Amino acid sequence: MATLVIALGLGVVAGAWDLMADYRRMRQDVADVTSANLALVRGLAVEAAYMLSADLAGEVAGGLMLDPMVSEVRLADNFGDVLGKAERPAAQTPFPGLATRLFGDVTGHTLHLKTQQKGTSLDVGRLELRLDPGRLLDRYLEHMAANAAAGAARTVLLCLLVVAVFYVLITKPLLKITSAIAKVDPERPGAMLIDLPSRHEGDELGLLVSTVNALLAESQRGLAQRDSAEAELAALARDLEQRVLERTAELEREKAVVERANGELEKANRFISDGIRYASRIQNALLPDAAALTDAVDEIAVGWRPFDIVGGDYYWAGKFGDKVVIAVMDCTGHGVPGAFMTAVVSSILARILHHHGHNDPAVILALLNFLVKSALRQDRADAPANDGLDAAICVLDGATRSLSFAGANLPLVIWSGGAIKLIKGDRCSLGYRDSPSDTVFTRHEVSYAPGDTFYLYTDGLVDQMGGPHKRLFGRRRLLDALSGMAHLPLEDQKQALFTVLEKWRGDQQWRDDTTFVAFRPKA
């Protein structure tokens with residue numbers, strides 16, 4: 001009876017295996033066909049998304065709908081707008097839950113559309129395709145019904161064959177072996193060995209008999225050897241305990257050495273940290289007090305966030321008669337090297353403003369370029385270092401209600417008349433070996449009206465990595481954020497902007513020094 005159950009079970013397992021194999025094969029065929037179809041239309045889909053062409057998008061959707069298993073096709077651009085869509089009603093099936101359970105995970109397919117521009121991969125949209133699980137289930141049931149009769153016959157035949165073979169080759173010899181084992185005397189297990197069944201010398205039953213006989217023969221010797229093994233184990237335990245004690249003493253000595261080393265490291269770390277914190281106080285002292293400009297501008301807000309305790313960003317604001325100078329600078333590196341650079345730049349900028357003039361930001365940049373190169377001895381081809389900075393400088397003239405701007409790789413953002421615009425600085429850094437000493441910078445003149453707002457920032461603001469796709473925050477998102485909060489007081493704008501940056505960054509590390517200056521001139 002047990003053999004029959006085993007044979008029947010094997011037949012059922014074989015049938016179930018066939019059904020599962022058909023099911024997996026069909027799922028794989030569906031995935032392969034769908035992937036091939038998506039690959040076939042990928043080029044046209046990329047062109048449609050890139051050109052924002054609804055006609056091309058419709059052709060792509062219509063072509064994919066030729067597959068009777070497809071229930072919906074959507075082609076959207078990278079802003080989420082749908083360019084083309086096609087769909088058909090879902091098939092009526094008496095088992096909707098089963099259809100979703102079996103094929104729900106292979107019905108949805110998404111192809112991200114990308115194109116190459118100047119060696120950079122650009123995301124232009126996505127193509128979404130959804131299959132009808134009801135139609136997939138109907139196809140699978142039709143195939144399963146066609147194979148059911150053949151599977152049943154195969155199962156019956158397999159049951160009969162397995163029963164016969166199992167009884168002749170296994171059950172009958174195994175019964176003889178079981179009977180022989182039952183006759184073994186527990187007091188003398190090695191005195192009566194089991195006879196090997198004929199014609200089973202080289203198979204598993206023969207191996208079983210040989211193993212049992214060997215076990216019976218060894219059991220007597222095992223009983224005698226047990227006491228000897230216990231004595232050896234006790235001796236080994238004593239030896240192991242002694243070794244543990246010796247190793248523990250050695251570890252204690254090593255621990256003392258490590259603790260002394262850690263103490264020295266902590267002392268050195270405190271010394272270095274105290275030095276850097278003191279340097280931070282010095283660097284903060286070099287920064288101007290924006291509150292001193294309250295009589296020169298209606299509002300001003302400054303956000304200065306170094307990457308480390310000290311940083312390589314620097315800003316300056318001051319008044320000369322009826323002129324106000326506001327500058328933002330991004331020096332090479334961050335941390336201690338960047339802080340040294342800000343000290344050098346701070347000294348040179350003060351020298352320029354007090355001894356060379358403060359009316360033309362383009363002239364200030366040119367002098368800053370020349371004097372930084374000279375101070376760092378980078379005006380020679382064999383200079384050992386190559387450090388410098390990017391900068392943006394604004395000069396406000398209250399008498400004419402005008403603003404002059406010049407930038408070296410840093411821009412000026414203006415909110416005026418309900419619109420935001422950006423003035424780019426010149427594509428040239430200051431002070432580096434390859435920065436020409438005679439560079440002439442562009443001076444931009446802007447007239448302002450009451451309520452106009454001006455923004456200066458370093459690239460640390462737009463270079464923060466984050467978002468769902470781990471991309472840079474970027475200039476476009478910055479302009480959108482400033483447009484949405486332009487009605488707020490400047491201090492509130494600064495807080496709101498840094499909150500937006502924190503949400504964008506998520507769990508990503510802060511990447512660079514960041515400086516943000518916003519001001520509204522007096523009306």
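**View 1. Contacts of Gln378 in the predicted model.** Leaving aside neighbours within four places in sequence, Gln378 is in contact with Lys373, Ala383, Ala385, Asn386, Asp387, Gly431, Tyr432 and Arg433. The model shown here and in the other views is predicted. Gln378 belongs to the loop that runs between helix H7 (361-375) and strand E8 (389-397). Its relative accessibility is 1%, so Gln378 counts as buried.

**View 2. Polar contact between Gln378 and Asn386.** A polar atom of the Gln378 side chain lies 3.4 Å from the backbone nitrogen of Asn386. Asn386 is also among the residues in contact with Gln378 when neighbours within four places in sequence are left aside.

**View 3. Surroundings of Leu122 and a nonpolar surface patch.** Tyr50, Met51 and Leu122 make a nonpolar surface patch of about 310 Å². Of these residues, Leu122 is found in strand E4, which spans residues 120-131. Leu122 has a relative accessible area of 35% and is therefore partly exposed.

**View 4. Cys331 and Cys428.** The closest cysteine sulfur to that of Cys331 is in Cys428, at 15 Å, which is too far for a bond. Cys428 is likewise in no disulfide, its nearest cysteine sulfur being that of Cys331, 15 Å away. A disulfide requires the two sulfur atoms to be within 2.5 Å, and by this rule the count comes to zero disulfides. Cys331 has a relative accessible area of 3% and is buried. Cys428 is buried as well, with a relative accessible area of 15%.

Terms used
Residues are numbered from 1 along each chain as its sequence is written. This is a predicted model: local features need pLDDT of at least 70, side-chain atom pairs count only at pLDDT 80 or more; totals for chains, interfaces and linings use all residues. Side-chain values use heavy atoms; hydrogens and water are left out. Patches are made of residues with over 30% relative accessible area and no salt bridge: like charges are joined within 9 Å, nonpolar side chains (Val, Leu, Ile, Met, Phe, Trp, Tyr) within 5 Å. Accessible areas come from the Shrake-Rupley method with a 1.4 Å probe; for residues, only the protein chains shown count as cover. A salt bridge is a side-chain nitrogen of Lys or Arg within 4 Å of a carboxyl oxygen of Asp or Glu. Helices (H or I, at least four residues) and strands (E, at least two) are DSSP runs, numbered from the N terminus. Buried means under 20% relative accessible area, exposed over 50%, partly exposed in between (1.4 Å probe, protein chains only). A polar contact is a pair of N or O atoms within 3.5 Å; within protein, one must be able to donate a hydrogen and the other to accept it, and residues adjacent in sequence count only if both atoms are side-chain atoms. Contact means heavy atoms within 4.5 Å.
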